[in-house]
Amino acid sequence: MLYFANWKVLLICGICLLGVLLSLPNLFTPAQLAYLPSSMRKQVALGLDLRGGSYLLLEVDIAAAQRERLNTTIDSVRNTLRDAHIGYTGLNVEGDAIAFTIRETDRVEEAKRDLAKIAPDMTVEIAPDGAGTMKFSTVATETRRRQAVEQSIEIIRRRIDETGTKEPTIQREGQDRILVQLPGVDNPQRIKELLGKTAKLTFQLVDQGITVEDARRGRLPPGDEILPSVDEGRGRGGGAGSYVVRKRVMVGGDTLTDAQATFQNNEPVVSFKFDSIGGKKFGDATRENVGKPFAIVLDNKVISAPVIREPILGGSGIISGSFTVQSASDLALLLRAGALPAPIQILEERTVGAELGADSIHAGAIASIVGVVLVIVFMVLFYGLFGVFADIALLFNLCLMLGALSLLGATLTLPGIAGIALTMGMAVDANVLIYERIKEELRGGRSLLSSLEAGFTRAFGTILDSHVTTLVAGILLYWLGSGPVKGFAVTLSIGVLTSLFSAILVTRLQIVTWLRRYKPKAIPL
Amino acid sequence: MRPLIVIRRVPKIDFMRWHLFGFAFSGLLSIATVVLLLTAGLNYGIDFTGGTLIEVRVTNGAADLAAMRSKLDALHVGEPSLQAYVDKTTAECATSPPACVLIRLPEQPGGDAAQQKVVQQVRGALGPDVEYRRTEVVGPSVGSELIRAGVLATVLALGAIMVYVWFRFEWQFGIGATLATLHDVITTVGLFAIFQLEFNLTTLAAILTIAGYSINDTVVIYDRVRESMRKYRTMPFRDLINLALNETLSRTILTVATTALAVLALLFLGGEVLRGFSIAMLWGIVIGTYSSLFIAAPLLYYVQPNRRAIARTADSDDAPAERASR
């Protein structure tokens with residue numbers, strides 16, 4: 001124990017130096033950092049609870065998307081069976097499947113064949129008595145779920161980027177959740193509103209053959225649907241309540257290439273451009289329906305239903321409605337970013353203002369510094385020179401922790417700062433164990449060297465045990481915790497590991513060097 | 001440089017004499033906790049119940065709680081709870097009478113989507129002379145998941161600790177360590193139930209840290225018990241436990257002291273957000289140390305480990321160094 005191979009000394013000093021170098025950048029302001037080489041600019045990332053910002057946990061409502069798809073598929077089932085003249089009853093959506101009963105049981109096989117052509121990712125099952133279901137295969141559901149979440153992340157990113165928020169992080173969390181972190185945002189209301197809209201835009205013809213009242217009374221023609229107006233309930237727009245529109249979509253918003261908020265006759269409007277396919281479809285549809293109204297539908301609500309005065313062939317158009325400047329620019333933004341594949345729910349929001357963040361950093365830093373100073377003084381009081389050794393090791397431990405946090409790109413949260421302060425208190429435990437052991441061995445009548453030796457070796461097993469148990473708690477916290485608590489788990493676990501190194505090796509190296517240099521006759525304990 | 005304070009002699013305290021008091025005291029505490037949990041229950045924070053927490057600072061003078069309450073009542077979003085506070089560690093909330101207010105609103109009926117509307121309503125109702133320091137909205141689905149994750153983490157931590165101690169020692173030690181740690185966890189929860197302190201995610205983090213810390217203490221003592229079992233093969237077990245406790249007492253006290261110093265700094269200087277965490281930690285450090293001395297160690301007396309089995313493992317563990325130095 002009392003001999004360190006040269007390479008070991010170099011390694012220990014090297015690690016300590018590395019810790020100091022890695023932790024140093026944290027002392028500088030961003031402006032000062034610019035003078036340093038880029039490899040040394042890594043700082044500990046501050047969590048949103050310290051720098052201020054908004055944290056949103058979103059859930060992609062896959063079930064809703066699937067229900068909607070089942071509802072559109074049900075029309076195809078109806079048409080297919082009708083075209084093949086196969087009688088059926090009880091066609092509806094039940095849970096995650098389309099259920100129906102084929103009346104002519106001898107045509108079950110034929111029905112099965114025809115229905116299978118509708119959607120390749122659905123499985124069709126029909127019992128010999130005619131009772132049948134159509135549902136998505138597990139693989140298809142899983143693929144769809146993954147695609148929906150990935151696509152949602154992409155679209156959320158585009159929408160947030162459009163608002164000018166700096167450095168947002170958007171990442172997948174678990175199966176169908178998305179974690180959005182918006183540094184510096186202290187009122188995420190607008191972003192929440194933007195994320196809450198699916199923004200599915202469609203152009204559909206209005207059915208003029210029937211009034212809304214008649215349709216409500218049960219005379220809704222097949223292939224039509226009643227859609228409310230966005231103005232409904234707001235008491236304006238001249239009694240525009242609902243519309244009966246064709247379910248068939250003339251053109252969808254997915255073919256838009258651009259959308260901008262502008263003015264027309266001093267009213268805010270949204271102008272849009274189609275890609276070539278969308279432009280042609282729109283041109284054809286408007287040419288065939290001159291003089292008829294068509295509905296501009298956003299998320300199943302009618303924005304407006306203008307009459308087509310002439311064919312619109314240029315591939316661009318204007319949406320007018322009762323917009324404010326804000327709502328027009330929001331709609332333009334949503335159309336540019338694209339529609340979400342499924343509705344999104346906000347499960348959790350945590351927003352910290354910059355003011356509280358600054359207060360937290362301040363309080364956390366003061367508490368940590370005071371804590372460390374108290375521990376340092378305490379160790380000197382009780383262990384004298386050996387206490388100083390332990391304190392030096394403690395400071396290296398602090399550097400190593402900060403360095404490791406910077407290097408790993410870990411996020412420092414307020415509980416994380418508490419974790420640092422706590423590890424500082426707990427790290428010296430290893431030193432206490434060793435020193436108490438040394439004292440005991442001395443009392444037992446051993447020689448100076450042999451007491452030192454025994455102190456380190458015998459205490460090691462105990463130190464290892466106690467560190468492992470704390471590490472277990474840290475890992476569990478990281479695994480099961482969320483947000484700021486994860487930050488605590490990170491600093492606690494890193495602190496346990498670095499203190500194992502510093503409290504044992506760094507302290508021992510100091511003691512050995514001291515022994516060699518001064519050849520003391522007694523241990524100052 | 002010599003230390004200013006030196007603990008020279010090994011004390012000769014008869015810890016075992018007090019252990020039945022310890023058992024009774026701890027049993028009472030644990031039962032009281034369970035009774036409290038069943039009657040008063042815990043004051044769960046919104047992390048677990050779901051709901052809304054808004055921390056505001058009134059920018060034109062002191063906060064008028066009555067006026068704020070009536071504005072919030074008019075929204076009909078459930079019974080709001082308002083709490084003005086002074087926090088000397090902050091730049092803005094240090095004034096007295098207080099300008100900073102914590103507003104809690106219960107979970108809104110209507111699932112996750114309904115929670116989101118409340119914040120905007122509150123912002124509208126409170127008007128312009130208010131600064132928003134913090135806003136937290138937790139929907140019902142997240143709340144119940146967090147409870148599940150919290151309970152799971154605690155159970156797993158206790159399980160892992162038991163397995164580890166069993167693996168490192170004998171199964172008797174595992175039982176003692178787990179019971180003592182369980183006691184610490186339960187009574188910490190009890191502390192939060194008695195004083196109706198807010199029980200939230202950071203409290204949970206504190207509880208798991210307490211479990212890690214308390215077991216740390218126990219392991220140090222058990223290590224010594226095992227060592228003494230090898231050294232003094234004929235000493236009565238009761239004396240052996242006392243000896244181990246006394247020999248490790250100075251270490252126990254010093255470690256409690258350094259950890260407590262760090263936690264006290266957090267408690268008094270760390271600000272409002274860390275208060276619950278610091279209180280839990282401080283209690284945990286004290287109760288964890290107590291339980292190592294008066295529960296974990298005496299329990300060994302009742303589930304006496306097999307001395308022969310331990311003596312047999314003696315050589316493999318710490319002997320090489322010993323042999324070298326002799």
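Which residues of helix α7 (residues 189-196) of chain A are buried?

1. Some ground rules come before the answer. This is a predicted model, in which local features need pLDDT of at least 70 and side-chain atom pairs count only at pLDDT 80 or more, while totals for chains, interfaces and linings use all residues. Residues are numbered from 1 along each chain as its sequence is written, and chains are lettered from A and ligands numbered from 1 in the order in which they are written.

2. In helix α7 of chain A, the buried residues are Ile191(A), Lys192(A) and Leu195(A). A residue is called buried if 20 or more other C-beta atoms lie within 10 Å of its own, exposed if 12 or fewer do, and partly exposed in between, with the C-beta atoms placed from the backbone. Helices (H or I, at least four residues) and strands (E, at least two) are DSSP runs, numbered from the N terminus.

3. Looking down the axis of α7(A), one finds its buried residues within an arc of 100 degrees, so they line one face of the helix; the arc is that of the directions from the helix axis to the C-beta atoms. The cover over these buried residues includes β2 (53-60), α6 (138-162), β8 (177-183) and β17 (344-352) of chain A, together with α4 (111-126) of chain B.

4. The contact between the two chains takes 70 residues from chain A and 71 residues from chain B, where two residues are in contact if their C-beta atoms, placed from the backbone, lie within 7 Å. On the side of chain B that touches chain A, α8(B) gives the most, with 14 residues. The residues of that side of chain B divide into 39 nonpolar, 18 polar and 14 charged; Ala, Val, Leu, Ile, Met, Phe, Trp, Tyr, Cys and Pro count as nonpolar, Asp, Glu, Lys and Arg as charged, and the others, Gly among them, as polar.

5. Strands also join the chains, for β17(A) and β5(B) run antiparallel and are joined by five bridges, two strands being paired if DSSP finds at least two bridges between them. Val352(A) stands opposite Arg134(B), which lies in β5(B).

6. Chain A has 14 helices and 18 strands. Its radius of gyration is 35 Å, well over the 24 Å that the globule rule gives for 525 residues, so chain A is more spread out than a compact globule; the radius is taken over C-alpha atoms, and the rule is 2.2 Å times the number of residues to the power 0.38. Buried residues make up 43% of the 525 residues in chain A.

7. Chain A is divided into domain 1 (6-47 + 353-518), domain 2 (62-141) and domain 3 (197-342), with bounds that come from an automatic or database domain assignment. The C-alpha centres of domain 2 and domain 3 of chain A lie 31 Å apart.

8. Chain B has eleven helices and six strands, and 47% of its 326 residues count as buried. Chain B is divided into domain 1 (15-42 + 143-314) and domain 2 (51-138), whose centres, taken over C-alpha atoms, are separated by 39 Å. Four residues of domain 1 of chain B are in contact with five residues of domain 2 of chain B.

9. Arg148(B) is found in helix α5 of chain B, and counts as exposed because Arg148(B) has 11 C-beta neighbours inside 10 Å.
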